[in-house]
Amino acid sequence: MNPSPPPAEALIPVPEVEPGAAGPPCAYARLRTEQPVVKALLPNGETGWLISRYDDVRAAFADPRFVRPLLSAWPPREGEDAPPPCLPTFLEMTGAHHERVRRTVLPMFGRRRLEFMEPRIRAMAGELIDAMVAGAENGTADLVAAYADPLPLRVLCETTGLPYEDREIYLPHTLALLGAAGLTLEEVLAALYALQDYAEELISRKEKDTDGEDYIRLLLAEARRPGSELTREDVVSFVVTMLMAGYKTNIQHTANALLALLTHPEQLRGLREAPEGIGTAVDELLRYVPLMNAINILVAKEDLTLHGQHIRAGDAVVPVPASANRDPEAFADPDRLDLTRTPNAHVAFGHGPHACTGGHLTRMQLALTIEVLLERLPGIELAVPAESLTWDESTPLRAPARLPVRW
């Protein structure tokens, strides 16, 4: 008698965020305890190993056995004439290429180098609040539409040199890619090619008009310097990277962070009375509000075993910061917002060589967003019950679609 074939490998769906919440999904608590490495069916129909514990997530991001695949070439297609992949974004660069580009770009996003942006962000935030107050109806306004939505894009444009007036060109493609888990490879490629074409055209404009000191022009000048480690193609990749990583994620995290503060009025009051604690509060908001829910795709370069699971070369591995940042082995009472929490070694920006280049800018932007709001409108509060809010669920980064407030 022939032996029975082994049972098919059990798959779980990627945990979904509960309706009307930013997450992270409650299911991750069980996975951390019972299945810290488990094979899951991803939204695009592929499979990947979900990694949910803090120590494992942190280690995976820094593990040289895992590499980030090109979004335009993953999953690989066998037996088909695949179109040429797009230029790698900074998130996808590997090896010596990634190291030399990071050496050039990372200092531009250091704390001291970004100091020039503080007064500009303050001014933009103040202008938006003034407009919100002037346009308020019956003493209420929508904090998302008036503040959390427009501010991150204006900061991104001011810092990098992206023209704000071009937003109708590049934003649709950017938003399509942020929902890439549900797109076909052809749709992903179309959006990536469109962003790459836009970046090429923008850089050609800036090569003709060299007035100004935005980051795109600074990088172009560096690329032209004899012996530079940077190429013109790297500058194209910079533009695409900043659009993909610095726009919608910041909008949605800002909206969720403001909601977290508004639904914890006693902690909001404490921050208003002791504004010097804003840095510690921002890191707690980065930990508490999930920036990402299972959208970090890595690929194993070799066979390995993790928590008894055999991961084969070529398998997708998906570390989940949203779960890691709620791991009770790493954070005391992790589901509680504590704006005074310290230390706070969250992994909202990843870890290792691909840790988010724009982390300092994100921290500065969120801190100033909150500071200016509390300075201008110290009595701000939700104008409706939190449970009645509507949510934007168009991407894995869930956020309130509206935040009606009064002051």
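Reader: At what angle do helix H13 and H15 pack, and how far apart are their axes?
Author: H13 (residues 278–288) and H15 pack at about 110°, and their axes are 10 Å apart. Before going on, this is a predicted model, where local features need pLDDT of at least 70 and side-chain atom pairs count only at pLDDT 80 or more, while totals for chains, interfaces and linings use all residues. Residues are numbered from 1 along each chain as its sequence is written, and side-chain values use heavy atoms, with hydrogens and water left out.

Reader: So what do you call that arrangement of H13 and H15?
Author: The angle makes H13 roughly perpendicular to H15. The word covers 65 to 115 degrees, while under 35 is roughly parallel, over 145 roughly antiparallel and the rest oblique. Axes are lines fitted to C-alpha atoms, for helices over the stretch in contact, and angles run from 0 to 180 degrees between N-to-C directions. Helices here are DSSP runs (H or I, at least four residues), strands are E runs of at least two, and both are numbered from the N terminus.

Reader: Which residues make the contact?
Author: On H13, Ile-278, Val-282, Asp-283, Leu-285 and Leu-286; on H15, Thr-362, Arg-363, Leu-366, Ala-367, Ile-370 and Glu-371. Contact means heavy atoms within 4.5 Å. By class that gives seven nonpolar, one polar and three charged residues. Nonpolar is Ala, Val, Leu, Ile, Met, Phe, Trp, Tyr, Cys and Pro, charged is Asp, Glu, Lys and Arg, and the others, Gly among them, are polar.

Reader: OK, and H9 with H10, at what angle do they pack?
Author: Helix H9 (residues 215–224) and helix H10 (residues 232–246) pack at about 165°, with axes 9 Å apart. They are therefore roughly antiparallel. Tyr-215, Ile-216, Leu-219, Leu-220 and Ala-223 of H9 meet Arg-232, Val-235, Phe-238 and Val-239 of H10. That contact has eight nonpolar residues, no polar ones and one charged.

Reader: Switching topic, how many cavities turn up?
Author: Five of 30 Å³ or more, searching the whole structure. A cavity is a set of points on a 1 Å grid over the protein atoms alone where a 1.4 Å probe fits but cannot get out, and lining residues have an atom within 4 Å of a point.

Reader: What lines the largest one?
Author: The lining includes Leu-143, Leu-268 and Ile-380. Helix H11 (248–262) and helix H15 (359–376) each supply at least two lining residues. The lining is nine nonpolar, no polar and no charged.

Key. 1 Å grid on protein atoms, 1.4 Å probe; cavity = no way out; pocket = protein on both sides within 12 Å on 5 of 7 lines; lining within 4 Å. Points joined across faces, edges and corners; volume = space filled by probe spheres on them.
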